[in-house]
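Look at the model first.

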Amino acid sequence: MKTFEELGVSAEIRRAIEEMGYEQPMPVQEEVIPYLLGDNNDVVALAQTGTGKTAAFGLPLIQKTDVRRYEPQALILCPTRELCLQIAGDLNDYGKYTDGLRVLPVYGGSSIESQIRALRKGVHIIVATPGRLLDLMERKTVSLATVRNVVMDEADEMLDMGFTDSINAILADVPQDRNTLLFSATMSPEIARIAKNYLHNAKEITIGRKNESTANVKHVAYIVHAKDKYETLKRIVDYYPQIYAIIFCRTRKETQEIAEKLMQEGYNADALHGELSQAQRDQVMQKFRIRNLQLLVATDVAARGLDVDDLTHVINYGLPDDIESYTHRSGRTGRAGKTGTSIAIINLREKGKLKAIERVIAKKFEMGTMPTAKQICEKQLIKVIDDLEKVKVNEEEIADFMPDVYRKLDWLSKEDLIKRMVSHEFNRFSEYYRNREEIETVSTASEKKERNKPDGKGKAKKNSGPRQAEEGYERLFINLGKNDNFYPGELMALLNSRTRGHVELGRIDLMKNFSFFEVEEGSAQTVLKALNGQKWNGHRVTVEIAGENGQQDTAGRKAGKRSAKKEKPAAKRAAKPKAAQQEKPSKPSSKNDWKQFFQNNNDFADEDGPWGKKKKGKK
Ligand code: AMP
């Protein structure tokens, strides 16, 4: 392995990074630094956060900067403000002994005027989010004509965030005669296209195997009933008193809720998500970085750019939609030669995703055994004892008080004293767990057994009331069903064509004439707005929140306030006029109108669902 000196890193930069504790170059640095120190050398590097990529491009960029010329010489594009600030901060650290070096972070969401003023004074390296940089370019407050090195960091994220056009516009303004370096965690067709368009004879570097980030990571899954997810999270956190973890949630709302619950219950936790102000986010991240915060509950997007080593655990409170997010999440632990654990707390429905993830990470999930109340208390007790042993005693400061303290505790034996000290800390846990029921993890086998019980208990449960949406989802009614040739594919196509961005779909229950489907909490209103009143296959689409306006969710069993009992048998219903029978009835536009619709249309009688005779007959 080469040294930084052998890679050609200058003495002043070496001095700075040595102070930062960099002794040996990391693999990506070994590959990239000497290459980037040369001219007209383009690189595509597949490397994830934590591989040392910032120094890999940062050191040569600084070294190549001519500090006497106050003009932009290098441009680093990155997706988020956090990453932008982090990179600029790192570059300033590397450039500690490079006199006069000016690095300017340029990002949206903060005063453009102060950025313009800084640009006017002259900068050497610009670290920018694409949107803000383009804005500055359009205002003619920055010129990229002198830029000779361009880095696109987390290029895949930038493309995902819709920056493709901005990137194209920016790169069109940078002279062709340049080094271009593209960092991405993944190689997608879009990345390949950008590389083809903007890089010439690029050197391709893949840091480690694709799955290397998980090499030191153990993957453990706890499959539990949805109602037990939060309790399971608490047990895991309690079982590892020294835990230092990010808990990933799927939505901002869930992130906030979980963090609030944990805080209320005395955990050292806080939330990080996009609805917080920038100042709040900065504060939370800083608290977490310096370990003043033990548990950070975060969304994937908000946690991006937060570079924290030494996480003991990553907790997936539910699995993310795409496998890549899982590898990103789990790659945040087990870094720098340390081991880490990525825990997934999921319900049975997410089990399929485990298999898909296993294929990508080339590792099996271990099925977690739920810590029992006794085991948790034992762990906490040991922690109390460990903490007691480690307490730093400041003899001088307490000397004055000790005679009184000794006098007061004189009547207690050493054993009594120890018991009291221990209980003082430990009681919170022992009291909480004393009468708690143990949580069972759900195995596929037991779940199947439950469903197949001859007494149909599983089913009876389902029939006993309106179906509730899965946790984190909202259940919607739509006035289209199988009779309209409306199936899951059609629903997805309808959503895709009428909504912008991704709408996460949960369970879909198709009936003959209408259906129910679940969407991620928070997107229900968007879906209502997007679909209501639209035309689909000649029908006017109506979507409502299931259960609203006194209408109940059918889940294939009940809809409206009508119960099967009260319903007149189909044959006894008012005879329809012949003409009406022959005509294809127009679809009701609201769930309220279904009552009338059903009374007028016999197909309701054998509806494979709520009021259907079939169901009744089966019982
Ligand atoms: P990055 O992938 O650039 O976010 O870097 C990941 C972490 O590794 C950061 O905390 C860096 O400060 C650290 N790091 C980068 N290069 C080295 C090195 N050569 N030796 C030790 N730590 C490093």
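Which residues come nearest the ligand? Of the 14 residues around it, Tyr22, Gln24, Gln29, Gly52 and Thr54 do. A residue counts as near if one of its heavy atoms lies within 4 Å.

## Basis of the model

This is a predicted model: local features need pLDDT of at least 70, side-chain atom pairs count only at pLDDT 80 or more, and totals for chains, interfaces and linings use all residues. Residues are numbered from 1 along each chain as its sequence is written, and side-chain values use heavy atoms, leaving out hydrogens and water.

## Ligand site

Polar contacts are pairs of N or O atoms within 3.5 Å. A polar side-chain atom of Gln29 sits 2.7 Å from a ligand nitrogen atom. A polar backbone atom of Gly52 is 2.7 Å from a ligand oxygen atom. For Thr54, a polar side-chain atom lies 2.5 Å from an oxygen atom of the ligand.

On its own, the ligand has 500 Å² of accessible area (Shrake-Rupley method, 1.4 Å probe). The protein covers 80% of that area. The shell holds four nonpolar, seven polar and three charged residues. Here Ala, Val, Leu, Ile, Met, Phe, Trp, Tyr, Cys and Pro count as nonpolar, Asp, Glu, Lys and Arg as charged, and the others, Gly among them, as polar.

Helices are DSSP runs (H or I) of at least four residues, numbered from the N terminus. Axes are lines fitted to C-alpha atoms over the stretch in contact, with angles from 0 to 180 degrees between N-to-C directions.

Helix α14 (residues 323–330) packs on helix α15 (residues 351–361) at about 65°, with axes 10 Å apart. Contact means heavy atoms within 4.5 Å. Ile323, Tyr326 and Thr327 of α14 meet Ala356, Ile357, Val360 and Ile361 of α15. Six of these residues are nonpolar, one is polar and none is charged.

Note on methods: Helix = DSSP H or I, 4+ residues; strand = E, 2+ residues; numbered from the N terminus. Polar contact = N/O pair within 3.5 Å; in protein donor to acceptor, adjacent residues only side chain to side chain.
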